[in-house]
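Hi,

Here is the structure I promised to pass on to you. Have a look at it first, and then read my notes below.

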Amino acid sequence: MAIPDYQTIMLPLLKYVGDKKEHSLRQVIDAIANQFHLTAEERRELLPSGHQSIINNRVGWACTYMKKAGLISSPQRGYLSITERGSDVLRQKPSKIDLEFLGQFEEFIAFRTFKREKRTIETTEEEGERTPEETLESAYQNLRINLANDLLQKIKASPPSLFENIVVDLLVAMGYGGNRKDAGAAIGKSGDEGIDGIIKEDPLGLDIIYIQAKRWEGTVGRREIQAFAGSLQGKHARKGIFIATANYSKEAQEFASNIENKIILIDGDQLTQLMIDHNVGISTSTTYETKKIDLDYFTEE
């Protein structure tokens, strides 16, 4: 079963705390996950930021909205219990509890009203299935995908000398090759719109990595990776990185994963994602900070 959205979680959550006992948030999350038969993988599935699991985030927001509506409360930090209003709602045996249902309570309406503009925040059907973090991260991922596509087109249209600089700058930003001067000297042009060379894996040069990078159209096949593996032997290198602006065939990927030498294949999509992660060829346009209450600040010693 897919991970339920936060509105689908609301009624089962209220029923779980309907025994009027105090339940820890961890107990609530586990109970919801069990009720929806989530697999171990689904329970561990993270938001795109990687900072929180999806199920934890959705249960957390279901709790937040129902607290604002007065259906549940937090008698102590990290614990939940049902309120009298929540018990009254359960006695009505609703078929579901969602944002529309919670709209009958004045406290929730006040919470959902953006006072500065004196208007009620409207929620589309798609937004109603996402928590605020998921909506924000979805927009962020869309921006990132568009940026990556633009980057790849720029790389393919760039002259060979600029492509060489991009690869060198990226490897240095990732911690390989020593300093920029050392890495630039170790990697040379191959003459076929690609570069190859040997760089240090660590600042002390305890191990080396053979690099080959090419601006490629179409699909990189097994033959090219076999030739690269042979080059590793000639360079006395046990590790290699093959960077291409295209993707790799299934046969090429299987060959790279089954040989003794360690070969990492980086395709066009991975190349641009790494450039974004390490700020190579991009600049920050706008920064947004998301903040939360520091509960320790409000806890008396």
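**The largest pocket**

Sorted by class, the residues lining the largest pocket are 18 nonpolar, 19 polar and 9 charged. Here Ala, Val, Leu, Ile, Met, Phe, Trp, Tyr, Cys and Pro count as nonpolar, Asp, Glu, Lys and Arg as charged, and the others, Gly among them, as polar. A word on the source: this is a predicted model, where local features need pLDDT of at least 70, side-chain atom pairs count only at pLDDT 80 or more, and totals for chains, interfaces and linings use all residues. Residues are numbered from 1 along each chain as its sequence is written, and side-chain values use heavy atoms, with hydrogens and water left out.

The space in this largest pocket is about 2,300 Å³. (A pocket is an open set of points on a 1 Å grid over the protein atoms alone, where a 1.4 Å probe fits, with protein on both sides within 12 Å along at least five of seven lines; lining residues have an atom within 4 Å of a point.) Of its 46 lining residues, Glu133, Leu136, Glu137, Thr290 and Lys291 are the closest to the centre. Helix H9 gives the most to the lining, with 10 residues. (Helices are DSSP runs of H or I with at least four residues, strands runs of E with at least two, numbered from the N terminus.)

**Helix H5**

Just after H5, lysine 93 has a positive phi of about 50°.

Happy exploring!

Note on methods:
Grid points are joined across faces, edges and corners, and a volume is the space filled by probe spheres set on the points.
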